[in-house]
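Please look through the structure shown below.

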Amino acid sequence: MEHTVLQAQSLSKTVAAPHGDGPDLSLLDDVSLSVSAGEAVAVIGPSGAGKSTLLGLLAGLDQSTDGSVEMFGASLNALDEDGRAALRRGRVGFVFQNFQLLPGLSAQENVKLTLELAGTANSDARAAEALAAVGLAERAQHVPAQLSGGEQQRVALARAFAVKPQLLFADEPTGNLDQATGETIADQLFALRDQSGCALVLVTHDSTLAARCDRRLVMRGGRLDAAD
Amino acid sequence: MPLIDSLRRGVGSALAAEGRVVVFALALAVAAVSGVGFFTERVGGALSARADDMLGGDLLLRDNHPLPEVVASEIETLDLQFVSLLTFPSVALNADDDSALVSVKVVEAGYPLRGELATSTARFGGESLTGDIPEPGEFWVEERLLSELGAELGDTLYVGSLGFPVTRVITYESDRGGSLFQIAPRVMFNRADLAAAELLGEGSRVRYTTQLVGDVNALETLQESLSEQAHPGLRVETVSDARPQVQNSLDRVGRFLGMAAMLTVLVAGAAVAVSLQEQVARASDEAAVRRAFGATHREVLLRVLRLLGWQAALGIVIGLVLGLALQGAISSVLSFLFTTELPAPGAGPVIAGAATAIVTLAGFGLPAVLGIQRVPVMRVLRKEMGAPPPAAWAVIGSAVLALAVLLLWQARDVVLAGLVLGALLGATAVLYALAAGLQWLAGRVAGNLRPGWRFGVAAIARRGAAGRLQLTATGLGLLSMLLLSTVGTDLLRTWQRELPADLPNLFLVNVQTDAADDVQARLEELTGDAVEIYPMTRGRLVALNGTPVTPEDFPEEARRTVGREWNLTSSETLRADNIITAGEWWEPGAQVSEVSLEDELAVRMGVSLGDTLTLRVAGVDVDATITSLREVDWDNFKPNFFAILHPSVREGLATTFMTSVRLNDNQRDGAVADIVRDYPGVTALDVRSLIERISGLIDAGASAVRYTLVLTLLAGAVVLIAGVQASTAVRVRESALQRVLGASRDEVRWSVLGEFATLGAAAGIVAAVVATLAGQLVARLVFDVTLTPSIWPLIVGPVGSGAGLALAGWLAARGAASQPPGVLLRRL
Ligand SMILES: Nc1ncnc2c1ncn2[C@@H]1O[C@H](COP(=O)(O)OP(=O)(O)OP(=O)(O)O)[C@@H](O)[C@H]1O
Ligand SMILES: [Mg+2]
């Protein structure tokens, strides 16, 4: 099953200069990339290099100025925002640096969110299962403010994997955590990925984390190169 | 139980965090609008019921002849209920042939169709409502007649050829009409005795009255056909012809309540706007995350709308319950007005309340909520990417539109609604400009303050547009609270003045000169208080500036007054409740032929200072020159006079005395009867029933004002809380940072206190000044009363709001001050 789940061709992103004066600002310049099913790709690079920008374009959260992205064989350029959202639904997971749990919802409800969007039956049981898988079964009814950062990120992992996605985007998933906690999260992330066999696009500063991926790419000043 | 589950969930989401403020603010707006709606509906009902009472029916036909056959048969065809009455002046005699002018009313079973007849079986005894009419062979009379003729209950009186015992005293007759003092005392007897009375001969001035009740359409049909048939002399009277005396006061209550409701809605709207801002900010975060995981725009928007829907529903339900409680409280004060059970409150106020909630929420929240659709999904990766704020014109436009709709609904008057809207926008603009000014100033002065305070004041400058909105909303809340409480308390005070607790409920007239001192002394002993007794003579105007005049020589509007005998009094000194509007009151001790005239009558008659009136009193003519004009408060239930003569003019004229006192039932027991027995000429006018009914209405109005004031104050408090809550998150974060960067707890506390106290005081000063000015205007233009200028709002406003806001802010931010910096750091 060597088919491609994500394919980017000559992606460029420029934005207008802050106050409309001066030349446009180039964030990404002619980036191409392809991710096969089940493959784990790490994107590393210094701060400000454009990693998050790239991730946003690949996931269809933002639109490129130039170039194209194909996700699951569908061209994102041809879709409007809602079309891209529909494409992600149930098939794409996210793990963010700052967790992004909804503060008003309990851990279990946060996990249920993606299941409900995917239209999964008995989402309550599935959410509980997913939480159990990250070792948080007994914290299911707690709201994010009652959880530590590491616990919050584990809830986020449960949320991302509950729907059994084909593609997972992670932007600095351990960036807000201390080293030990970060490692636990990384272990869980890779364990869950191995189980589900989903493709992973991982943005990180952390070279040991990157080392666990199948392939490493380096971003510098908006350009992407294969790692040395 | 999936239904209960989703209900619980919906309510839970609606009440989460800022949602509570949104719901409570909406509830207050709904409560104000529906409560006031319920009240006006019921008072309106009460008033028209009273007007019906005063007619004695829904429709009245009056004529100097019996009802034409055609009309009578039409009434029968239309299936209307009716009774016929005759009234005419006559003379009543006692056994000693003493006579008195009386006003006879001949009634038949069923009278009165509307309203009340109250009687007593003892002189000056307790009254009770009656459904009866006099039996054939008996008279019911007013107390006045008994005292005029020196008769007792049970004595036989003679009217025409009838000689019947008096079996009851009439104490209240809601359709009596006419002025208390003008009409001769009533004698009422049964229609069956009419023929035997032999009173309807040539020249008798009989008025035939038919009271009608029945189906509204049938009544209208009758009215139409009467106006087509042309029956000369037949007059049709409807409810609109009968205005209860207290209508003016109640009109004012209505206007005040309307204004209070409008302001409450406005203030609640401001609270909704402020707290929705925060709710929308939170919802934007959620929307971005949901969209990243594949939710569509529509789903995200529906979610937020569903949340607002829950909040609206909760606000409406809570508000209606509050509104019903409010009107229940008011109605219980009013209950004496209704002899029958009130119908259940109508749907009108319920719909108005619900519509208010929806319009408020939509007008103040929709632009922000719709903005959620524009939140970029990239926000999940780059926090600083927010939705572009909704266009200012959209926010302002929709708020103004909502306000216009609400005001128009409340005021039902385009001009009034426009004026209020204009004033509100003006006040808002002033507040916003001042908020901007304050921010600018705070930025300037902050550097010179002590450290803790300095952070706080500098923070005001940092808040930007959100801070200006908060300050404006706070100012509007304070403004409304201050405005309503000053105008409201002043209205209440005015009414208390108009209807003091010691309102006289007994008038004694025809007190002879030799009896005056003793009557006065007895009354003073009874009441334990000074009792004023006024000399009174009756005189007719016969000449103006030496030229004989008749009523026809005067403008139309003065003829009736000029044609009547005037009650004249005389006095050395000016009574406090009379105000000289032109000329001067006489110096004490002088010997002058002068008269002081009521100013409106002077205008109607076209006379002015310097004109000389010739008055004929019991055959004697006296001249008096007008040297002053007075404003008289006719509604104060004290003896009031068109003309006051200088004492030297009255000398030698036939004079009696009159007085008015308030007696409770114990004091009245026997004492009044004694006076009337000892001085047979004295006439006692018992107005207890009337006074009770009037002061009851006023009380109801006053309590309505009080209850709505409380609502508005609550709404004001909510807007303050909303403002504080809206910025708590930012402040906690800032406080935490300050702590982390080395500020002490005290400094952090002072910073929060300083910011809120300064904000509160600034908003308070502006609000107090604007409220004081607006209060004067509103009182004068809308309520027709003069506001007593007071310094209190200017003190209470700034101090109260400064302290209140500081307290609220401190409570909200105290968590940040008390926790160790390490804990805070993790939360940032
Ligand atoms: N919408 C935008 N407008 C202007 N500048 C932008 C925008 N989005 C990104 N940038 C800029 O583009 C550059 C790349 O940003 P990006 O967030 O992709 O970097 P990054 O590699 O993820 O950095 P980090 O490792 O710190 O997260 C930065 O300099 C950022 O300020
Ligand atoms: Mg980044």
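Helices (H or I, at least four residues) and strands (E, at least two) are DSSP runs, numbered from the N terminus. This is a predicted model, in which local features need pLDDT of at least 70 and side-chain atom pairs count only at pLDDT 80 or more, while totals for chains, interfaces and linings use all residues; side-chain values use heavy atoms, with hydrogens and water left out. Residues are numbered from 1 along each chain as its sequence is written, and chains are lettered from A and ligands numbered from 1 in the order in which they are written.

Chain A has 7 helices and 10 strands. Of its 228 residues, 52% count as buried, where buried means under 20% relative accessible area, exposed over 50%, and partly exposed in between (1.4 Å probe, protein chains only).

Next comes the ligand. Around ligand 1 there are 13 residues, and the closest are Ser47(A), Lys51(A), Ser52(A), Thr53(A) and Arg382(B); a residue is near a molecule or strand if one of its heavy atoms lies within 4 Å of it. Because residues from chains A and B surround ligand 1, the site is shared between chains. Helix H1 (residues 51-58) of chain A gives the largest share of this shell, 3 residues.

A polar backbone atom of Gly48(A) is 2.8 Å from an oxygen atom of ligand 1. A polar side-chain atom of Thr53(A) lies 2.5 Å from an oxygen atom of the ligand, and an N or O atom in the side chain of Arg382(B) is 2.5 Å from an oxygen atom of ligand 1.

Now turn to the interior. In soluble globular proteins, nonpolar side chains tend to be buried together. A nonpolar core is a set of buried Ala, Val, Leu, Ile, Met, Phe, Trp, Tyr and Cys residues joined through side-chain atoms within 4.5 Å. The largest one holds 149 residues, of which Leu6(A), Leu167(A), Phe169(A) and Phe256(B) touch the most other members. Helix H7 (residues 247-292) of chain B supplies the largest share of this core, 24 residues. A second, separate core of 39 residues includes Ala40(A), Val95(A), Val134(A) and Leu209(A).

Is Asp175(B) buried or exposed? Asp175(B) counts as buried because its relative accessibility is 10%. Asp175(B) sits in the loop between strand S8 (162-173) and strand S9 (186-190) of chain B.

Note on methods: A polar contact is a pair of N or O atoms within 3.5 Å; within protein, one must be able to donate a hydrogen and the other to accept it, and residues adjacent in sequence count only if both atoms are side-chain atoms.
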